[in-house]
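Subject: Structure handover

Hello,

I am passing this structure on to you. Please look through the sequence and the model first; my notes follow below.

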Amino acid sequence: MRLQQHLIWTAGVLVAAGTARTWALANGVGVTPVMGWSSRQLFGCNTSEKSIKEVADALVSTGLSKAGYSYVIVNDCWLSESRDPDDFTLVANKSTFPSGMPALASYLHSRDLRLGLTIAASMRSCELPSTPGSWSAEETDAATFAEWGVDYLKYRTCLLHWMNDWRGTVDKYKPMRDALAATGRPIVFAMDNWGMARAWEYGEWLANSWRVTVESCDSYRGWWCSVLGVLDFAIDTARYARPGAFNDLDLLQAGNKGMPLAAYRTQFSAWAALKSPLILAADPRNLSAEAVRILTNEHLIAINQDPLGVSASYATVLQGGFDVWVGPLAGGDRVVMVVNRGDVGRRGVEVDATLWGASVGVKMSVLDLWADVDGLPATQVIDDGRIVVDVPAYGVKIFRITPVDTPFDFVIPSPTQVVPVFWWWSPGLKVLRWYWCLGRIPVMFFHGFLAALPVLVIVLLAVREVLAMPDPKTATKAKKKAKKE
């Protein structure tokens, strides 16, 4: 029966993939990836109306809002401990948000910014269990959000998400999706499900974006939340991005201090090329000039906001541990990104133009998307079927390539992957990706292990109980011996 259900779902996904390649949620917003800032990493549960307004003012004064960062997203700690006793509506915490959410929305809207809120898809909050979530109250809460003037909702699953399959995910997110639509207000809807249950395979029918992994952290490699760890997850999910429906790689770390400058450029380049929402984690009130230059790179923002809405896809790995990602852009251009996985730079890395559908003799205009930021010549024209790049340690080279005469022969990836019976049997796990000098096993193995861990614990506890049970024969002999005595 379980297998039949999965096969039926798979058939539905494949039929829809073949008949409707437009954005399926059709809520009128989020057609390009959202750009903004989240309070989650900076403030956690210490957020307040005062701090949110200060950040909003900083987004304007630094030029970030003009560059496109317009959504100010308040983390899941803004609620009062109880709902309104009269109409069961949500109430903002009066000590931290004394003016209430409608006033905060008005403040942001007056600065051409947008208000985003996070709330749990459960009975109680993920961050503060003493405060309510929205599960079973979706219609009431959606109407409240619309009345307040909310523009973005991140709907977050808590600990129980570890055991969710696709049915549980749909059951959790569909009611809020429908409730938001019923309000008539255009509200961006984001799934924060930590990349569980392969949500990328059906997420476009539920939300404008979905998480593909755990939360990002201020680290380049060595952790599943690092830049390279998240990119490894994205290898198998990139093909599912389309206008109005995007893979969320989580927060950008530029402006923090845990990585070299080159690593922040790499993360921003990768998030832009893969069409992830661009949500800042750092404090806009204290950003360095270099961090602002990274985050306002107009070439990369244009790549991220490209109307074609198709993510760059993993193409190959070059000798020495250099990942190459390639993607199509509107008008026939291509984005080509070379990522250095190591801590040693290298000169003269050659990238074959056949990866993006060109060949020797095809004339191409190559725009280096970081060159003008560095004050270097940005554009060159080549026709020898390759580009040669110098990639710094932890660094990236990313280009916009335009055909001069002959259009590129390039097939846009299509999400026709069959949903497996067990979600952690990803096509990306069929082969262990051991690369030159930087061999790596996909973090998806760890992902699957976490999902199976509760079951493993239960089995081990059951085995322990069985082993602890006394042997019946030994117990009988002990009883007879006790009677004789």
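Two strands pair if DSSP finds at least two bridges between them. In this predicted model, strand β10 (residues 322-328) and strand β11 (residues 334-340) pair in the antiparallel sense, over seven bridges. Within that pairing, Val324 has Val338 of β11 opposite.

Both strands belong to an open sheet of six strands, in the order β9-β10-β11-β16-β13-β14, with antiparallel pairing. β9 (313-318) and β14 (379-382) stand at the edges with a single partner strand each, so one side of each has no neighbour in the sheet. From one strand to the next, the twist averages 25 degrees.

Next, a helix. Helix α3 (residues 49-61) has 13 residues and reaches 18 Å from its first C-alpha to its last, close to the 18 Å expected at 1.5 Å a residue. Which residues of α3 are buried? They are Glu49, Ser51, Ile52, Val55, Ala56, Ala58 and Leu59. An α-helix has 3.6 residues a turn, so residues three or four places apart point the same way. The buried residues of α3 pack against β1 (35-38), α2 (40-43), α4 (64-67), β2 and α5 (101-109). After α3 comes Gly63, with a positive phi near 85 degrees.

Then the aromatic residues. The structure holds 10 aromatic pairs. In one of them, the rings of Tyr71 and Tyr152 have their centres 5.9 Å apart and their planes at 55 degrees, so the pair counts as tilted. Tyr71 lies in strand β2 (residues 71-74) and Tyr152 in strand β4 (residues 152-156), so this pair ties together parts that are 81 residues apart in sequence. Tyr71 is buried, at a relative accessible area of 14%, and Tyr152 is buried at 2%.

Another pair is formed by Trp223 and Trp224: the ring centres are 6.2 Å apart and the planes stand at 70 degrees, so the pair is edge-to-face. Buried or exposed, where does Trp223 fall? Trp223 is exposed, with a relative accessible area of 52%, while Trp224 is partly exposed at 33%.

Trp78, Phe145 and Trp148 make up one aromatic cluster.

Two charged residues also lie over ring faces. Lys53 is over the face of Tyr107, at 4.9 Å from the ring centre. Arg83 is over the face of Phe88, at 4.5 Å from the ring centre.

Regards

Terms used: Residues are numbered from 1 along each chain as its sequence is written. This is a predicted model: local features need pLDDT of at least 70, side-chain atom pairs count only at pLDDT 80 or more; totals for chains, interfaces and linings use all residues. Side-chain values use heavy atoms; hydrogens and water are left out. Rings of Phe, Tyr and Trp (its six-membered ring) pair if their centres lie within 6.5 Å; planes under 30 degrees apart count as stacked, over 60 as edge-to-face and the rest as tilted. Helices (H or I, at least four residues) and strands (E, at least two) are DSSP runs, numbered from the N terminus. Buried means under 20% relative accessible area, exposed over 50%, partly exposed in between (1.4 Å probe, protein chains only). A charge sits over a ring if NZ of Lys or CZ of Arg is within 6 Å of the ring centre and within 35 degrees of the ring normal. The expected span of a helix is 1.5 Å times one less than its number of residues. Contact means heavy atoms within 4.5 Å. Axes are lines fitted to C-alpha atoms, for helices over the stretch in contact, and angles run from 0 to 180 degrees between N-to-C directions.
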